[in-house]
Amino acid sequence: MERHLPTDLPGVEAPPPRRSKGRRQKGAYILGAPAILWLVVLFIVPMITMVSLSLSTCDPITLACQNTWHFAEFRQVVQQYHTQLLRAIVYAGVATVIDLAIAFPLAYWIAFYGGRKKNFFLLMLLVPFFVSFVIRTTAWQFLLADQGPILQPLKSIGLLPENYHVLATWIAVVAGLAYNYLPFTALPLYVALERIDRHVVEAAGDLYSNRRSVFMRVIFPLAIPGIFAAFLLTFVPAAGDFVNASILGGTNTTVIGQIIRSAFLDNSDYPAASALSAILMAAMLIGIFLYAKVLGSRTIEEYI
Amino acid sequence: MTDDPIIDPSLLRGLTQSRFTRRDLFRYAGVAGGALGLSAFLAACGTKGVATGSGGAGKPNANMGDAAWWGQQTLHKTLDFDNWPYYMDIGPNNSHPSLDEFTKKTGIKVNYTENIQDNPSYWNQHIFPQLSHGQSQGHDIIVLTNNDYPLGYMLNFGWAIPLDHGSMPNFDKYASKLVTNPSYDPGNTYTMAWQSGYTLIAYNTKYIKDEITTVDVLWDPKYKGKIGMFGNASELGCLGLLAIGKDPATSTPADWTAAAAKLQEQKPLVRSYYDQDYIKALKSEDTWISMAWSGDIFQAGIQGYDTLKTAVPQEGVMFWTDNMLMPYTASNPKDAMTYMDYVYDPKVQAVIEDYNNYVCPVPSSKGIIGTELHDPAVANSPLVFPNAAMVAAAKPYYQWKNTQDLKTWNDTFQPIYLG
Amino acid sequence: MSVATSADAGARDLSVEIPPRRGNRRRWTSYILPTYSWLVIVYLLIPIAFMVLYSFNQSSSRLPQVNYKWEGFTTRWYQQWNGIPGLADAFFLSIKLALATTVVAAILGTLLALALVKYRFRGKAVTEQTLFTNIAAPEIVLGASLLGFFITLNLPLGFTTLLLAHVMFSIAYVTITVRARLSGYDMNVEWAAQDLGATPWVTFWKVTMPLIYPGIMAGALLAFALSIDDFVTSSFVAGNSTTFPLWVYAAIRVGIPPQVFVFGTVIFTVGVVVAAMNLVSQGRRKRRDEAARRKAEEAPEENVIDIESEFNVAVR
């Protein structure tokens, strides 16, 4: 971003002339080339394969697939699995909102008042997630069991009915999602909050009479790119997650991630699995685009 | 100093709000066009990736596995064996005593791995992509179960090497009737059982005092919210068929629909449709009664969960087998045959059986486990060495005739646990 | 009211000392928020605490499985840490892989973030949409496509393919995190530096790096966590090698051995130790900087202008 300084003020010189456009672009390519190349070869190409598979018909006997532009596949899988698709989006959405609510005060405190202990807190946020998700989920399964160490005491003092259970309900799934994706929310929030210039905050404190105004009018708007990034990095992978639903869920909590897995592994129905994946990604794209518009913000690219 | 903003707010809004411009249109069209173009290119030459053709290409060498071919094979003194976890005895210092014994006796070094977690994953990650391209998947012996499609595909595609029936003396002499000439592999052309197991009903005697005689107990509203079922089309479907009094092996699609209806009735009572972690729910008492695998319950008993018992309902229990077979890309077939027959020696089998506690394919090991290994609990368990009652109760799975058949089965039963 | 100027080019300490306000403010910042933050950390640690505790649990079963009933304290599993075949190898493979992934993804992701922030170039929008799609892509199909791709190319499956795949899904997270850090920054400071005589290399290290360093660290941590815990994609492209999550997931069928909890505890402890070391070194650094500043203030006026601190003042 450039700002044009008023050149009629004493002591201010015009900014140095822009270098030629070609040279500017070259810098971008040099910097971005390794990553872009990596993504093109190892992501774009498999993605194109996937899209192509979603339009294919596979011979049921030889399992060979040929692209036949079978667009009807999309309509069919949506018809069959729209419930699970919606469920995944709702669960992920609720989990993301919970995570944003939990992570924002935390990120705020670490960024503004963490001082020397900032990195310590960040590491403590992330270290639990170096331990395998199987271990974490096993632990939660044990802790949230009907007669387990959390529910049993509450039941014995009568706070909960005797046959109350958390596991095998959508609550457990959402709680699992919220737990497992919290660092993906907290880190971008922290990063965005941390770079807010304290002097701006101070100046706002001088201008506005109460703290709430400072927060709502200065800090929060400046944090919006971080909130958006946090939302993105949490909601999107959570919507495709199948592990939490399969381990912590019950009979009516099946989400689209499980369907994709089943279609691919159990049924060898590669076109259906690919079509569902493509639809999931498209739904994310559209949803985020709309969300950005509603926020009244600039194009989605600014936040990615 | 006035407080007027430097820039008119409406102008600012106009400058910063995005519009779908003509440039954007061209851009998106360009991207879309590029993608379509690439796809067209791919369509012309067939898709790359997992499901490329040659699915039915079969073994490259047409007479692979016949007597002459076996005559030409020699021992290479090395073997790659891929198995399920916890299926091989473990001794001190990471060792597998029975494998070490084998190496001492025959000089064949065994490279033992445990990559198989479930049949469909293994098929899609370790068998189909490699073998359909004619590439080795890295092992000489793999172990697949008969209650899922990959074993059927392997045999139907002709991707397994036929066994050398001249070199199976131990198997011929000691193998139990339950694993000889199974319906999924007549005459044991390609497979030898590694271990078998029962899918039966497990229940917690702490909460369930009645005796269990029928599978209908899983439909009992008394246990609402405490019932565990398998989230697996094959197991769930077969149980449903047993519940309506049909024999799964001879059932028809009409039967399947009826079974699915009965299972849908049960759904409000079910706590969850589990995979392998049904045992955790039983142990933590989240479920009081559940579909179960025999070996898991046996091991839970050893761990101290002695209120968990098994029940064999009058309708029968499903009997599955994990089978050893050789993929056609195996590089050491003769060493593989040597090992596969070696484990049917009752003394060898006793050591392995004493560890994993599933259904033993060698009945003669019973005595050895009881006396030499001093483990009467295992030796006397009908879950490990089936008595006549257990043998009679064992029901084979339905064998899908073709992929359309499999699809019908899946479409009937999957909506129950994936709905 | 004092303004803290940090002279270290590493983590910039932006904790300006705000004068203590009375009442509400004090209560929020001194009590409520810190307590809340610690509560969140504790909440995150609950399953970890369970794991650490049960890694010391006695098990009377002869089967090497975690015992969910508490039977007594023992350090046996730590002594027999190598007692399960394949587990230790899987663990070290995962560590190696995660470290390699973090380094590569951090470098590539940061460079890409810089390119996206500083320049407008053809294909920029497509790149951004690609990054988004990368995060959104369900792993199952992505993993399967990647497997088919590797097989078609006749690449042997193993550490190399694992690394290729892990970096692929980590780059986007690093890029987005670094970009969130840079978004809105006036990159004219770089030109200001160069006007003052700094070469592009010096500019990068003395001006750009301190700006983006927290973002890179956050992104690298994310990449490490993603890689060490990845299951789905790894299960497709690992071939015959086994990573720790793959091993543990496979063992869950029968029951995970206590050594799994041992390794989990070890990696957790290492992480905590690194965090604590960082805390201590930060404290030491601050004391060192303050001592140096005090010394500089007392010294005579013929101080050489410290370009570094000049920039730090300018960019703040």
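**View 1. The accessible surface and fold of chain C in the predicted model.** In this predicted model, the accessible surface of chain C comes to about 13500 Å², with 63% of it belonging to carbon and sulfur atoms; accessible areas come from the Shrake-Rupley method with a 1.4 Å probe, and for residues only the protein chains shown count as cover. Chain C has 12 helices and zero strands, helices being DSSP runs of H or I with at least four residues and strands runs of E with at least two, numbered from the N terminus. Of its 316 residues, 56% count as buried, that is, under 20% relative accessible area with a 1.4 Å probe and protein chains only (exposed is over 50%, partly exposed in between). Among the contacts in chain C with a separation of 6 or more, 71% are accounted for by residues 24 or more positions apart, a contact meaning heavy atoms within 4.5 Å.

**View 2. The interface between chain C and chain A.** Here 113 residues of chain C are in contact with 97 residues of chain A. The area buried between the two chains is about 10400 Å², of which carbon and sulfur atoms give 75%; buried area is the accessible area (1.4 Å probe) that two parts lose on being put together, summed over both. On the side of chain C, Leu44(C), Phe132(C) and Trp191(C) lose the most area to chain A, together 7% of what that side buries.

View 3. The structure holds 14 cavities of 30 Å³ or more, a cavity being a set of points, on a 1 Å grid over the protein atoms alone, where a 1.4 Å probe fits but cannot get out, with lining residues having an atom within 4 Å of a point.

**Notes to all views.** Residues are numbered from 1 along each chain as its sequence is written, while chains are lettered from A and ligands numbered from 1 in the order in which they are written. For this predicted model, local features need pLDDT of at least 70 and side-chain atom pairs count only at pLDDT 80 or more, whereas totals for chains, interfaces and linings use all residues, and side-chain values use heavy atoms, with hydrogens and water left out.

How values were computed: On a 1 Å grid over the protein atoms alone, a cavity is a set of points where a 1.4 Å probe fits but cannot get out, and a pocket is an open set with protein on both sides within 12 Å along at least five of seven lines; lining residues have an atom within 4 Å of a point. Grid points are joined across faces, edges and corners, and a volume is the space filled by probe spheres set on the points.
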